[in-house]
Amino acid sequence: MVAVTGVLTWDGLEVEEYRVLHKPLKPEKICVDDVPSDPGEYARNYHVYVRHPRVLRAVKTYSMVLKAMRSILDEHGFTELPSPIIGYVSDPGLRGAVKASIKMYGKVYEVQSSVIMYKQLYASLLGKIYYAARNLRVEPVENASTGRHLAEFTQLDVEASLTTADDVMMLAEETLYGAVKHLLNYHSGLLTREEERFLEETIIKPPYPRIDYDSAVELLRRKGFTVEHGRELSFDAEAALGDIYGTPVWIQGFPTSSRGFYYIPDPGKPGYNVDYNLILPSRAGEVLDGGCREYRYEHLVDRIKHHGEPLGKYKWFLELAEAGAIQPTCGWGLGVERLVRYIHRLPHVAYASPHPRIPGVIGP
Ligand code: ASN
């Protein structure tokens, strides 16, 4: 580390005087010329590679966009809560990922894979809440190659009561667009000219187009994808959809059979949920997942049973629902590292995480 006195001109810095404040003892051990293109190698040794300016920029961007999104939500009157790490039960609807558990005081608990039920609890009590939640998911190892899966990641997880899908979708658009605009306006030093242009061209002013699940399936089939109706779209199909639009695009109303028990079925369209995913262009895929929630005790019991889950695990939540203490709420979770990956056009979300743990690789 060096302290420099001098004059900054258009041609660079004219150094008048400098002082060495701190000198590494073994510079050869920590000197990095480049960042490995293998995300596994990067995740194993990120503590060294993170010195590279390209990666440090992404770490800074992570902080800046999260701060910008927090302040948009704060302006809307949302209350931020700290996310729990351990719980009796966590999110069951996890697209192939398994939950991790931890033994404490002789009992086994689940490490939180999402704060969904806590969101429902606190949105019922406080109206508008959010978490910048760290989630842990034991993703299948093959998901390391999708470029967009981490085993540990941050979701900006928002929930509100007495609202509508439309309202929270508009809030999501405002949050995403506002964060990117904030970066462009106030932190453009973090962006290359090419990244600036890319963001200006693709993250256009909302509203973003909306397409329902059935039309998305039809469109993708016409483009040559094999899509099984009633299932989640494949990662590849989702990415292709983003490319077709070239801007963020919503997919709405997934089949009830394809998703977790906590989305509420659409009374006007049997077999489908009131839910929505936001897909980014440029092969980035899903950045946000959300929906309006099931809050009715009997329906929750039926849906949990249908998913083959033991009811006992959900005791605390079901007791509240039975007492009528869980209100109708809607919300969403936005993958912060996925947004950073998009902003810097990184080949893998590992490079967007200050602490990358990718499927199959947690550390050295
Ligand atoms: N955060 C998501 C939501 O709000 C839930 C999840 O992470 N599975 O719907």
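1. Terms first. Helices (H or I, at least four residues) and strands (E, at least two) are DSSP runs, numbered from the N terminus. Pro207 can then be placed: the residue sits in the loop between H7 and E9. Its peptide bond with Pro206 is cis, with omega of about 10°. The model is a predicted one.

2. Overall build. The protein has 12 helices and 13 strands. Its radius of gyration is 22 Å, close to the 21 Å from the globule rule for 364 residues, so the protein is as compact as a globular protein of that length. Along the principal axes, the C-alpha atoms fill a box of roughly 75 × 55 × 40 Å. Of the 364 residues, 50% count as buried. Among contacts with a separation of 6 or more, 67% come from residues 24 or more positions apart.

3. The eight-stranded sheet. What is the strand order in the open sheet? It reads E3-E7-E8-E13-E12-E11-E10-E9, and the pairing is mixed. The edges are E3 (79-80) and E9 (210-212). Each has a single partner strand, so one side of each is left without a neighbour in the sheet. As background, strands of a sheet pair through backbone hydrogen bonds, either parallel or antiparallel.

4. Strand E11 inside that sheet. Is E11 (residues 275-280) enclosed or open? Six of its six residues are buried, so E11 is largely enclosed by the rest of the structure. Buried here means under 20% relative accessible area. Asp275, Asn277 and Ile279 point one way, while Tyr276, Leu278 and Leu280 point the other way. Both groups are buried, Asp275 and Asn277 included.

5. The partners of E11. Strand E10 (residues 249-252) runs antiparallel to E11, with four bridges joining the two. Two facing pairs can be named: Val249 stands opposite Ile279, and Trp250 stands opposite Leu278. Strand E12 (residues 285-292) also pairs with E11 in the antiparallel sense, here over six bridges. Leu278 has Leu288 as its bridge partner in E12.

6. The E11-E12 turn. Four residues lie between the strands of this hairpin, and Ser282 takes a positive phi near 55°. Arg283 is in the loop between E11 and E12 too. Its phi is also positive, at about 65°, although Arg283 is not a glycine. With a relative accessible area of 42%, Arg283 is partly exposed.

7. Strand E5 (residues 101-104) pairs with E6 in the antiparallel sense over four bridges. Ile102 stands opposite Tyr109 in E6. The E5-E6 hairpin has two residues between its strands, and Tyr105 takes a positive phi near 50° there. Strand E4 (residues 86-87) pairs with E6 (residues 107-111) as well, antiparallel over two bridges. The bridge partner of Ile86 in E6 is Val111.

8. Another positive phi. Leu162 is not a glycine, yet its phi is positive at about 50°. Where is Leu162 found? The residue lies in the loop between strand E8 (152-161) and helix H6 (165-186). Its relative accessible area is 74%, which makes Leu162 exposed.

9. Helix H12. How many of the nine residues of H12 (residues 336-344) are buried? Nine of the nine are, leaving the helix mostly covered. Just after H12, Arg345 takes a positive phi of about 55°.

10. Glu196 in helix H7. Glu196 is found in H7 (residues 193-202). Its relative accessibility is 14%, and Glu196 therefore counts as buried. Which residues touch Glu196, leaving aside its neighbours within four places in sequence? The contacts are Leu184, Ser188 and Leu191. Glu196 and His344 are 148 residues apart in sequence, and their C-alpha atoms are 9.2 Å apart in space.

Notes. Residues are numbered from 1 along each chain as its sequence is written. This is a predicted model: local features need pLDDT of at least 70, side-chain atom pairs count only at pLDDT 80 or more; totals for chains, interfaces and linings use all residues. Side-chain values use heavy atoms; hydrogens and water are left out. The radius of gyration is taken over C-alpha atoms; the globule rule is 2.2 Å times the number of residues to the power 0.38. Buried means under 20% relative accessible area, exposed over 50%, partly exposed in between (1.4 Å probe, protein chains only). Contact means heavy atoms within 4.5 Å. Two strands pair if DSSP finds at least two bridges between them.
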